[in-house]
Each structure stands twice: as structure tokens, then as C-alpha cells.
Amino acid sequence: MSVPAAMADLVAERAPPLLRVAGLTKRYDEQHALAAVSFDVHAGEVLGLIGPNGAGKTTLLEALAGLIPVEAGELMWCGAPTPSTERRDMMFYLPDGLRPWDDDVVVRVLTFFATVHRRSQREVAETIGSVGLAPVLRKRVSALSKGYARRLMLALALLTPQPLLLMDEPFDGFDLRQTRDVMGLIRRVAASGRTLVLAIHQLGDAERVCDRFVLLADGAVRGAGTLDELRTQTRLTSASLEDVFLALT
Amino acid sequence: MRSPDVIAVRRTPLRPLLAKELRGILGGRALWTMLLIMCPIVGFSFFQALSLYGEASASASDQAALASGLSPLDGVLVPTFGAFYVTVTLLFPFVAIRALGREKETGTLRLLVQLPYRTPTLIAAKAAAVAGTWLIALIPAASALVLWLMLGGHLHTIETLNLLLGHLLYGLLIGAVALFAAAIAESAATAAIVTLAVTIGSWMLDFALAGQPGLAEWVSRLSLTQTLRPFEQGLFSLGLVLGSLAAIMGFASLATLWLHPGVPLRAKLVRSLGCAAITSALVLLAAQVRTAIDVTEDRRNSFPAADQRALAALREPLVITVHLAPEDPRYVDLRRNVLSKLERVMPNVTIRLVASQNFIGRSGDDSYGEVEYAYAGRIDKSRSTSHREILPLLCGLARVPIPTPVAGEDYPGYPLAANAALVLPWFFGALPLLIVLAWWWNRRAPRIPLPICQGGES
């Protein structure tokens with residue numbers, strides 16, 4: 001390795017992560033929805049928040065986006081503390097199962113988002129093409145099938161400029177082929193420099209698309225790292241993500 | 001350290017947000033349903049007003065004295081807009097709530113608050129959409145005005161605009177309350193209940209407590225309906241306008257404080273208390289502004305022009321001590337005929353109400369009913385409630401000659417026995433049909449810009 005390359009690696013290692021989550025705690029009455037959750041998100045990666053239903057994935061994403069108040073914890077963006085009011089400058093959260101402005105027509109919702117974020121018509125057209133929304137552009141959002149509603153949400157996320165995308169169950173509502181297409185799209189988005197945090201309860205899907213994982217159960221982090229790191233941690237050398245998850249929770 | 005990639009939030013165009021908000025209201029059924037309900041209600045009120053005004057005009061056709069009592073403001077505008085007021089009170093909240101309630105109910109609010117707009121901007125856009133909706137809701141009443149003009153009726157521009165201003169403030173107040181209710185409630189239904197509790201509650205306050213003495217009278221002034229009264233009487237009250245604007249801003253600010261789901265409840269409550277305190281202070285300050293202008297063509301809220309000029313020239317303090325209970329009809333007459341007009345025209349008037357107990361128990365008190373006028377060290381008393389007796393008394397106290405009436409300044413009146421045959425078909429047939437057509441036009445799918453269309457197909 002050349003000296004400049006080694007220096008660059010050293011700098012990268014010492015650079016703070018894109019997002020550091022430290023001790024995030026959220027309670028609903030007496031129940032801990034998030035129990036001092038801490039993990040890092042690195043620039044350009046696809047991070048999977050993995051856990052069964054009720055593990056706290058959605059709560060965590062909403063807390064990260066500043067959409068619900070938390071009792072304790074801190075977020076550091078590139079090493080600097082980030083209050084909840086500023087997070088929309090850095091990250092965009094895509095909720096699960098939402099039909100945004102359902103009385104409006106698909107193309108109007110898309111152009112609204114595009115205009116707000118100063119996207120050109122060419123960029124809108126590319127986004128429509130990439131998620132396959134063309135057949136339903138003149139339909140009302142309320143009349144869309146679950147799959148197309150999900151594609152619309154995906155298109156909205158792609159039109160946003162924030163460097164970090166938080167997506168809740170991005171593959172829900174898609175069949176096998178569509179899921180593979182969306183995974184390809186997500187990989188392309190990550191390759192373009194954006195960072196993605198995906199909350200996924202289907203471990204197989206997560207294993208195929210994510211670079212690293214944060215395993216959640218009962219609101220607590222049970223493990224974090226790449227699949228290989230998690231295998232080492234659990235001493236299951238050739239285990240699947242499912243086996244690792246079961247071993248850790 | 002900040003990543004250079006964070007987005008520039010502060011220079012986002014407002015137009016798409018405003019268009020989205022207006023589309024959100026136009027896209028629902030609430031507005032169109034309200035318009036369709038408004039047509040017969042406003043139309044029938046207009047028809048009745050026209051009929052009664054026509055009957056009165058027929059009997060006044062050859063008597064100038066009777067004709068001078070015929071004012072379109074009282075005879076046509078106020079009754080027609082009274083129907084508009086009823087529908088705005090009962091139906092407009094449902095339309096205004098939609099501006100926010102639907103997004104809360106469906107969860108779309110979570111997307112909205114992530115857009116690069118400040119929370120006050122989001123609420124301002126919604127308030128602007130609500131104001132736009134009020135303008136659309138005005139169509140039936142405005143069409144009544146057009147019909148009135150087409151039938152040969154007379155409208156005094158300033159008094160008509162003043163009445164419209166009153167209704168606009170009332171509509172915006174209802175809209176702001178509705179936005180606040182939508183911001184605090186989890187569902188649109190709950191928000192509607194909260195808003196109707198305020199609008200109908202204040203209506204009840206008005207009915208039950210107006211004219212009652214003491215605290216009840218003060219409470220009755222909190223009624224939203226009170227906002228309209230002076231405008232219906234042809235008064236432009238600066239204090240009322242400022243107070244209404246402060247209340248509208250207050251409710252809109254409260255809606256802003258409660259909009260973002262990420263703010264802890266405790267913080268919302270504390271900030272709301274501060275906001276409520278500031279709003280109350282501003283409303284109280286506005287209440288101290290006594291400037292009120294009589295904008296009626298018949299100058300009903302003023303003394304005759306010559307008397308006005310003479311009274312305006314009296315610069316010394318005038319102290320009026322009234323030995324009447326506030327609920328006494330004589331005091332109500334005196335207030336309307338003399339005291340209010342004096343307060344508006346003279347620079348320095350102090351009114352002291354001596355008897356505050358129930359007037360029934362005061363019948364044995366000899367001084368009860370007396371009104372004492374003190375000016376420039378001279379005092380005179382009267383029991384009259386008519387300006388014709390009081391004004392000479394004041395001229396005597398001020399040692400100025402009694403002004404002679406100026407000929408040609410009398411209000412002529414505008415009698416009109418119009419043929420109202422076209423009115424009912426318009427409000428019960430043509431206008432509702434046009435509204436349904438507009439509804440259908442609004443529902444049709446939009447044209448897709450060619451570059452988007454071509455890109456989407458590639």
C-alpha cells in the first residue's frame with residue numbers, strides 16, 4: 001500500500017461516522033420502546049435495522065428523524081450534536097404504509113415534491129421510470145394498489161436531497177421480482193453516495209441488500225456490524241443472518 | 001462540523017406549498033358540499049330580504065320620510081350575510097379542519113414536517129388556503145350582491161366593504177380556531193367537535209348572556225359573534241380589527257406550536273401558556289383602541305353633520321355621570337343614541353356609570369335615571385336619551401351656539417320594489433349546477449407535462 005493511500009485509510013478510520021446514535025431512550029408509559037440504543041451509520045452504506053415486529057424499529061427511525069420526542073440520547077452528525085429540529089436538513093424518513101395526500105393525483109404529488117426540492121422535469125421522469133410509476137400517474141393516490149403506493153413513496157424519497165434516507169419496511173407490498181428490482185435501486189442509490197438505513201423484518205431481504213446490520217429486540221441493540229462480524233461475535237462461522245439473529249436475541 | 005451535503009432549507013419556493021394546500025381543500029367533498037348547502041340558505045334569505053324590502057319600498061314610494069329609512073345595508077345586506085354567517089359558523093369549520101386534519105389522520109403530516117419549510121410557514125400556507133376557501137365560500141353571497149345591483153339596487157361601496165371585512169375577520173377567526181383544533185386533536189372528528197364547541201358555544205354565550213349585567217356581560221363579549229356586530233352596524237372599529245387579528249394570530253401561533261409531532265408535550269404546554277398570555281395581552285391592548293369610524297351612508301352612528309363639527313371642536317374634558325343600571329333599557333338607548341356617538345366625535349369623554357345594581361330595585365331612588373354632564377366647570381342634568389335634547393344642553397355648557405342643520409345632507413334612502421322572480425331559480429338551480437360542474441372539473445385528471453410523460457414511458 002502506498003503512503004498516501006495508507007494515510008487516507010487512517011484518516012477515514014479516525015473520521016467520525018456520518019451519524020452516531022448514543023443512548024437513545026424512548027418510553028411509552030412504563031414500557032421501554034427504546035432502551036439506550038447506540039450505533040453508528042457510515043457514509044454510503046446500507047444499514048439494516050433488523051428485528052421482529054414490535055422490536056422498536058419504527059420508533060427508532062421516527063426518533064432519529066425527530067418526529068417523536070425521546071427521553072434521553074443524542075445524535076451526532078459528522079461528530080457534531082444535532083438537535084431534532086435540524087435533522088430534516090440531513091435525513092429524510094419514509095414511513096411505512098403511507099398514502100400521502102391521498103385525494104390528490106400521483107403526478108401532482110410527485111411534482112409537488114420535485115418543485116419543493118428544485119428537481120427538474122428530467123429528474124422527475126427518471127425517478128418515475130426507475131420505480132415504474134408511469135402507468136398510474138393520472139390516478140388518485142387513494143386508488144393505488146399497495147405496491148404502487150409503495151413505489152410512490154419510494155419515488156418521493158428519491159426526489160429528496162438529504163444525504164441520509166431512513167426507510168421503514170421498504171420491501172413491504174412488493175412481490176419477489178419487484179423486491180429484487182427495488183433492492184437493485186437501493187444499491188444504485190447507495191452507490192451514488194447516499195446513505196440508507198432500512199428497517200426490515202424479513203431477514204432474507206436484509207441479508208441481500210444491507211452492508212451492515214443493527215439487531216434490535218425489545219427496544220435494545222443486541223448486535224451490530226457486518227454479517228461476518230456478527231458471525232464472529234456469535235462464533236457461527238457460516239451462519240445466515242437469521243441464525244445470527246436467533247443466537248443474539 | 002457539518003457535512004456539506006446537508007440541504008439548504010431556508011430558500012424553498014412557497015408557491016408549490018400554497019398550491020398543494022389549496023388543492024387539498026378543493027380535492028375534498030367538504031367545500032363543495034358546503035357551497036351546495038349555502039346556495040339555498042343564502043338564496044332564500046336574500047329572497048326574503050328582497051321581498052320585505054320591496055314591500056317597505058312600495059309603501060314608502062311617495063313619502064320621503066319613509067324612504068329615508070330604507071337602507072340596503074339593513075334591509076338586504078345584513079340579512080343575506082346573516083345566512084352566510086350561519087353557514088360559516090356551522091359548516092366552515094369542517095372545511096378549515098381539512099387543511100390539517102386529513103394530513104394528521106393519514107400520517108402524511110410526518111412527510112409534511114420534513115419538507116424544507118419552517119413550521120410557521122406550513123401553518124401560514126394552511127391559513128392562506130383557509131382564507132382562499134373563505135373567498136370561494138363567499139360566491140353565493142357575492143352573487144346575491146351582483147343580483148341586487150342587476151335588479152337596480154344601490155350599494156354603498158365603503159359600508160359594503162366594511163361588512164365584508166367583518167365577515168372575513170369572523171371567517172378567519174373560525175379558520176384559525178379550526179386549525180388549532182386540528183393541530184391538538186388526533187382525528188378530524190375530534191377537531192370538528194372542539195371547533196363547533198367554540199363556535200356554537202360562543203353563539204350560546206351571545207344568546208344567553210348578552211344584555212345581562214356584570215360578569216355575564218363581560219363573558220358575553222368573548223363570543224366570536226361579537227366580532228361581527230359593529231360591522232353590521234356600519235362601524236369600522238380599529239380596536240376590534242386589531243383585536244380580531246391578534247386572536248387570529250394567537251390561534252395560528254398555537255396551531256404552529258402543536259403541529260410538530262417531535263416536540264415534547266410539556267414543551268408544547270409551556271409555550272402555549274406563553275402564547276396565550278401574549279395573545280390575551282394584545283387583545284386587551286387592542287380593546288383600549290377606541291377609534292371607530294362610521295362608514296354608513298346614512299351616518300346612523302353619528303350626529304348630524306353640523307353637530308359633529310361643533311362637538312369635534314370642544315377640546316375640554318366632558319364627564320358624564322349616568323345614574324342608570326347597565327341593563328336598564330334607557331341606558332341601552334342612551335348608549336346607542338348619545339354616548340357612543342359622543343365618544344367617537346369628542347376627543348376627551350369620560351363616562352361614569354353610578355348605578356350598578358338591578359334597576360328594578362332602584363325605583364325609590366330619586367336620582368336614578370339622571371344623567372349629569374360636566375364640561376368646563378359647568379354641570380347640567382337630563383333624563384333624556386335623545387340627542388335632540390342632549391346636544392343643545394352640551395352647547396349650553398360649552399357656551400357655543402347650537403348649530404343649524406345643513407340642508408341637503410339628509411340621507412335619501414334607497415327604496416326598491418324589485419322583481420325577485422330570478423332569485424330563486426338562480427340559487428336553487430343555476431348556481432348549484434355551476435358548483436357541481438366546477439366540482440367535476442376540479443376532479444378530472446390533470447395533464448401530465450410532456451417531459452415527465454416521455455421519461456416515465458421510457
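This is a predicted model: local features need pLDDT of at least 70, side-chain atom pairs count only at pLDDT 80 or more; totals for chains, interfaces and linings use all residues.
Colleague: Let's start with Leu98 of chain A. What makes Leu98(A) count as buried?

Modeller: A residue is buried if 20 or more other C-beta atoms lie within 10 Å of its own. Leu98(A) has 20 C-beta neighbours inside 10 Å, so Leu98(A) counts as buried.

Colleague: Where does Leu98(A) lie?

Modeller: Leu98(A) is in the loop between E6 and helix H3 (106-116) of chain A. The C-alpha atom of Leu98(A) is separated by 28 Å from that of Ser38(A), a residue 60 places away along the chain.

Colleague: Which residues is Leu98(A) in contact with, leaving aside its neighbours within four places in sequence?

Modeller: They are Met153(A), Gly107(B) and Thr108(B). Two of those names carry the letter of chain B, which brings us to the way the chains touch.

Colleague: How many residues are in contact between chain B and chain A?

Modeller: On the chain B side there are 38, and they are in contact with 43 residues of chain A. Helix H1 (15-26), helix H6 (109-112) and helix H19 (450-457) of chain B each give two or more residues to the side that touches chain A. H19(B) gives the most, with six residues. By class, this side of chain B has 18 nonpolar, 14 polar and six charged residues.

Colleague: And what is chain B like as a whole?

Modeller: Chain B has 19 helices and six strands. Its C-alpha atoms fill a box of roughly 90 × 60 × 40 Å along the principal axes. Of its 458 residues, 39% count as buried. Among contacts in chain B between residues at least 6 apart in sequence, 80% join residues at least 24 apart.

Colleague: Let's look at the sheet in chain B with the order E4-E3-E5-E6. Why are E4 and E6 of chain B said to stand at the edges?

Modeller: Strand E4 (349-353) and strand E6 (378-382) of chain B each have a single partner strand, so one side of each is left without a neighbour in the sheet. This is an open sheet of four strands with mixed pairing. Neighbouring strands are turned by 15° against each other on average, direction ignored.

Colleague: How do you know that E3 and E4 of chain B pair?

Modeller: Two strands pair if at least two bridges are found between them. Strand E3 (residues 318-322) of chain B and E4(B) have five bridges, in the parallel sense, so they pair by that rule. As one example of facing residues, Ile320(B) stands opposite Ile351(B) in E4(B).

Colleague: Which helix packs on this sheet?

Modeller: Helix H17 (residues 387-398) of chain B does, touching strand E5 (371-375) and E6 of chain B. The direction of H17(B) makes about 165° with that of E6(B).

Colleague: Now chain A. What order do the strands of its six-stranded open sheet follow?

Modeller: The order is E6-E7-E8-E3-E9-E10 in chain A, with mixed pairing. Strand E6 (91-94) and strand E10 (220-225) of chain A are the edge strands, each pairing on one side only. The twist averages 15° from one strand to the next.

Colleague: What joins E9 to E10 in chain A?

Modeller: Strand E9 (residues 212-217) of chain A and E10(A) run antiparallel and are joined by five bridges. Leu216(A) stands opposite Val221(A), and Ala217(A) has Ala220(A) as its bridge partner.

Colleague: Finally, how is chain A divided into domains?

Modeller: Domain 1 of chain A is 3-90 + 163-248, and domain 2 is 98-161. Their C-alpha centres lie 25 Å apart. Ten residues of domain 1 are in contact with seven of domain 2. On the domain 1 side, strand E7 (164-168) and helix H6 (176-191) of chain A each give two or more residues. H6(A) has the largest share, four residues. This side of domain 1 has seven nonpolar, two polar and one charged residues.

Technical notes. Residues are numbered from 1 along each chain as its sequence is written. Chains are lettered from A and ligands numbered from 1 in the order in which they are written. A residue is buried if 20 or more other C-beta atoms lie within 10 Å of its own, exposed if 12 or fewer, and partly exposed in between; C-beta atoms are placed from the backbone. Two residues are in contact if their C-beta atoms, placed from the backbone, lie within 7 Å. Domain bounds come from an automatic or database domain assignment. Ala, Val, Leu, Ile, Met, Phe, Trp, Tyr, Cys and Pro count as nonpolar, Asp, Glu, Lys and Arg as charged, and the others, Gly among them, as polar. Axes are lines fitted to C-alpha atoms, for helices over the stretch in contact, and angles run from 0 to 180 degrees between N-to-C directions.
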